Amino acid sequence: MTSPAAEFDPFSKPHLLGISDLSAFDIENLLDRANAWAERNALPDNKHAILRGRTQINLFFESSTRTQSSFEIAGKRLGADVMNMSVASSSVKKGETLLDTAVTLNAMRPDLLVVRHSGSGAVELLARKVANCAVVNAGDGSHEHPTQALLDALTIRRRKGRIQGLKVAICGDIAHSRVARSNILSLAALGAQVNVVAPSTLMPTAIDRMGVNVFRNMDEGVEGCDVIMMLRLQRERMSGAFVPSSREFFHYYGLDSRRLALAKPDALVMHPGPMNRGVEIDSVVADGTQSVIRDQVEMGVAVRMAVLEALADNLHGGDNVKAAGA
């Protein structure tokens, strides 16, 4: 089976470090590729040899079962040799610096490096230091999470048929969320109107400069929206008391059936996971007919397949990828 790469314009970026590096054309290109993979993944024979001979290393300094497993499945479905580096038990925990890690990685000669790190900018640093390797940002600090934004956009586009002109509310812990930042950038680039909804303590300063509508009242922020995207409270990034209690947060900013009814009747409910039920979202809503949370997980594999394939096609001219997909 041929690679979808032959059906689309080349993806010119050597790495995927953030949505901020991409044009609307780049985003649409990756979404089109991912949509093609989503269709193929639904077929019984969904294993391919497109990345045969390529080595993919998943280097996660932060734990994330969902994202790491999604990248692993994506790489294996494309035929790559996939290795997960257990950072928690590695020399990094014994004092090795990020630059030392780059030296080690260079010796291993990976083709594709998927990195999650707690420090904003750490993935970009590795991209500069690891030679002849395409780097994918799987989340860096509070900075960006580009593949999450792409899978969210693909989920919306497949359900709504478009993103242009839609009204999307992103609600919850905006201040600490790399998912929020990447989604704001991608949705705005694709022509959506974005509302951000959060208490003042969880609303970044000057976020209105990103072209969003700022709401501190949940009811007002979700009214008339086509999509409601909930975010979890990221307590691991909080150094103080940003909300009085989980119960009070849900009272003012949780998505329940009453608040969902304020949005459009066919509004989609989204969440990047993991969910805190009863904190930012009610179980009735999370498991309801308007929820596309399971779709997001499914689209995650397709998006990551598209990203890995697009980046690998640029390595050394993409000869191996083209030969395997021919």
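Two strands pair if DSSP finds at least two bridges between them.

**Figure 1. Strands β8 and β9 side by side in the predicted model.** Strand β8 spans residues 227–230 and runs parallel to β9, with three bridges joining the two. M229 has M270 as its bridge partner in β9.

**Figure 2. The open sheet.** Five strands line up in the order β7-β6-β5-β8-β9, and their pairing is parallel. The edges are β7 (213–215) and β9 (268–270), each of which pairs on one side only. On average, neighbouring strands are turned by 20° against each other, direction ignored.

**Figure 3. Helices packed on the sheet.** Helix α5 (residues 146–160) lies across β8 and β9. The angle between α5 and β9 is about 165°. Helix α6 (residues 178–189) touches β5 (167–171), β6 (193–197) and β8. Its direction makes about 170° with that of β5.

**Figure 4. Surroundings of I170.** Which residues does I170 contact, leaving aside its neighbours within four places in sequence? They are A180, N183, I184, L187, V194, N195, V196, V197, M229 and L231.

Figure 5. The largest core holds 85 residues; L150, I170 and L255 touch the most other members. Helix α11 (residues 293–312) supplies the largest share of this core, 12 residues. Apart from it lies another core, of 17 residues, including V87, A102, V123 and L126. In soluble globular proteins, nonpolar side chains tend to be buried together.

**Figure 6. The whole chain for orientation.** The chain has 12 helices and nine strands. Of its 326 residues, 53% are buried.

Notes
Residues numbered from 1 in each chain as written. Predicted model: local features only at pLDDT ≥ 70, side-chain atom pairs only at ≥ 80, totals over all residues. Heavy atoms only, no water. Helix = DSSP H or I, 4+ residues; strand = E, 2+ residues; numbered from the N terminus. Buried < 20%, exposed > 50% of the residue type's maximum accessible area, 1.4 Å probe, protein only. Core = buried A, V, L, I, M, F, W, Y, C linked by side-chain atoms within 4.5 Å. Contact = heavy atoms within 4.5 Å. Axes fitted to C-alpha atoms, helices over the stretch in contact; angles between N-to-C directions.
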